[in-house]
Amino acid sequence: MLQGIGVSSGLGIARVVIFQKGTLKVSAGKLAAHEIEAEINKFEQAQAEAKKDLLKIKEQVSLTVGKEKADIIEAQIMFLDDPTVVAEINNFIKSGHNAPYAVNQVVEAQACIFESLPIPEMQERAVDMRDMGRRLMSILLGQKEISLSELTEKAVLVAHDLTPSDTAQLSKDKIVGIVTEVGSRTSHTAILARSLGIPTVVGVSGITKTIRHGVLVAVDGITGEVFVNPDETMLNNLKQKMEDFASEQQQLEGLVSQEAVTVNGISIRLAANIGKLNDIIDAKKVGAREIGLFRTEFLYMDRSTLPTEEEQYQAYKQVVEAFPDRVIIRTLDIGGDKELPYLKQDKELNPFLGKRAIRLTLAEKDLFKAQLRAILRVSRYGNIGIMFPMISVMEELQASKKLLEEAKNKLIAEGVVLGNTVEVGMMIETPAAALTADLFSKEVDFFSIGTNDLIQYTMAADRINEQVAYLYQPTHPAITRMLENVVKAAHEAGIWVGICGEMAGNPELTEHLLKIGIDELSMTRGALLKVKQKIREITL
Amino acid sequence: MIKQVVTITNPTGIHARPAAYIVKLASQFDATIRLAVRDKEVDAKSIVSVMTLAAQAGEEVYVSAEGNQAEAAVHALVDLLSKPFAE
């Protein structure tokens, strides 16, 4: 049994096909002057052939996998046509180098530039660049390589690594599993394998040398285990595991279109938490119709300047247009633990008990106002809610509401169109707020309980600290009593109360929370279907 | 030469996919088009060059063009760059 990292769930059992690429030998030999023109033509022909091949692969991928993955191939075609790249290759040839050498030099140089950029997504383009270069060189050297689409029976693919154009040709009906020597959860092989649903394990170093072509293997894409020559018993166990997994997947997919309704017909509001614009697609995939927590910190991080009101407006607009039923937007919830170069922040010994979230935004009024304006401006695209994080005292809530009201009036005076439904709520995450919920309930349209922080502050323990993490107990009576108190205060004032912390996404706590009287559960996309399934099994 | 400046609003700046849109758009015009960010200036029809710009949200991009369709090119690119890209 070999151990690697499981990066794409499922179980694949088939015979091994070892996918290896030969080394391309590029010589530095120079050309004679009269050979240069012919070499330029040779390159042009290779360029045309590579483009033809890539277009064919792109079409294949569009049909079998989808447009999104076809874009990876499209990028390579664009590299092939890039005027700067082509000009540089021609320059090398004109100065007497052979075409494969020229291609190698230019491609490597550009790949290194990509790798030197401080953005991971750009660094990954180096792989695409080299993949394209390799294709060109193999045509020029007459060593065109066999494609994966030539397989005749089901196989588990074993390779050192797979390039984007290799993985783009993978189809689920021939390849039932993949094992590579290198790679990670975020490498392109893993990403594509996941979108195709092919069980994949990476990081099994040396496997291309130790395993023999044609041997039977079982690949467990969850545990990262690769069983070589499994016996009858093992095979049966694995097959059972495979069936259980498949039916679980099917069940979950079926849930997307179903309602979150209990056995006795009570409808529960389920929402998704999102933290960046890319999450929109994932949230839609699991059938979310509402966003219960839209974290806005992503707009403020990893940059040297404050996000402008306009930038924020464009970002919030995308989310609200995607989920017009309801989007609850949380104002900036950030503090001293994150360095923001555009804010003067004093060093704090205790950033989690320090100037963060609402404390920060009330001290940085221009920042706060810009965000409030941007949020109000998107209210015309759907039903929105604004929530203020980490409220401890009434003054914070009142000051925030006042700024919001002022922003609203100013926008109206400017003639800006605003929507009808803007719920104003607050997060309950400090014990102070939880214990005085009855005072706050009259001042807001809803509560959203941030159980992660509430539990930490109440149990006085850091859940990331292994030595005390055992004290992070979501069902401790202290927490339950607080939740009950908050629910009571909310319902007596006629407002709804939801939970946006991790507890909301734990199906084992769903019944407990709903019995307390929580009206809405907002959770990470991955948890939504399981919680919905739980809701459909319980009676309230 | 026509020149105009635009601020990038796309939260993730000009990464791979936006760069492709930009280059595809630029390539449609009969003009030499340049994009400049900070101290770097590149050919807007060259995808590796546009990607290497690694322009981030909030940065200013100077779009300039010369040629038959210079004006149309600048307008189209400024329009594209001023909005976020649907992901």
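Which side chains meet in a salt bridge with a 3.2 Å N to O distance? I looked it up: E74(A) pairs with K24(B). The rule I used asks for a side-chain nitrogen of Lys or Arg within 4 Å of a carboxyl oxygen of Asp or Glu. Across the interface of chain A and chain B, that rule finds one salt bridge.

Ground rules, before I go on. This is a predicted model, so I note that local features need pLDDT of at least 70, side-chain atom pairs count only at pLDDT 80 or more, and totals for chains, interfaces and linings use all residues. Residues are numbered from 1 along each chain as its sequence is written, chains are lettered from A and ligands numbered from 1 in the order in which they are written, and side-chain values use heavy atoms, with hydrogens and water left out.

**Interface**

I counted contacts next (heavy atoms within 4.5 Å): 29 residues of chain A touch 26 residues of chain B. The two chains bury about 2100 Å² between them, 66% of it on carbon and sulfur atoms. Buried area here is the accessible area (1.4 Å probe) that two parts lose on being put together, summed over both. M78(A), M122(A) and E311(A) supply 22% of what chain A buries against chain B, more than any other three residues.

I also checked polar contacts, meaning a pair of N or O atoms within 3.5 Å; within protein, one must be able to donate a hydrogen and the other to accept it, and residues adjacent in sequence count only if both atoms are side-chain atoms. Seven residue pairs qualify across the interface, both residues at pLDDT 80 or more. The chain A elements giving two or more residues to this side are α2 (67–81), α3 (83–94), α4 (99–116), α5 (120–140) and α11 (309–322). Of these, α2(A) gives the most, with five residues. Helices (H or I, at least four residues) and strands (E, at least two) are DSSP runs, numbered from the N terminus.

**Salt bridges in chain A**

E310(A) meets R377(A) at 3.4 Å, N to O. E310(A) lies in α11 and R377(A) in α13 (residues 365–377), so the pair ties together parts that are 67 residues apart in sequence. E310(A) is partly exposed at 35%, while R377(A) counts as buried at 16%. Shared partners join E309(A), E310(A), R373(A), R377(A), K410(A) and E414(A) into one network.

**Cores**

I then looked for nonpolar cores: sets of buried Ala, Val, Leu, Ile, Met, Phe, Trp, Tyr and Cys residues joined through side-chain atoms within 4.5 Å. The largest has 88 residues, and F388(A), F447(A) and L521(A) touch the most other members. Helix α18 (residues 477–492) of chain A gives the largest share, seven residues. Another core lies apart from it, with 70 residues, among them F114(A), L136(A), I8(B) and V37(B).

**Last checks**

D131(A) sits in α5 of chain A and counts as buried at 4% relative accessibility. Leaving out residues up to four places away in sequence, D131(A) touches Q76(A), T163(A), P164(A) and S165(A). Chain A overall has 20 helices and 16 strands, and 51% of its 540 residues count as buried.

How values were computed:
Buried means under 20% relative accessible area, exposed over 50%, partly exposed in between (1.4 Å probe, protein chains only).
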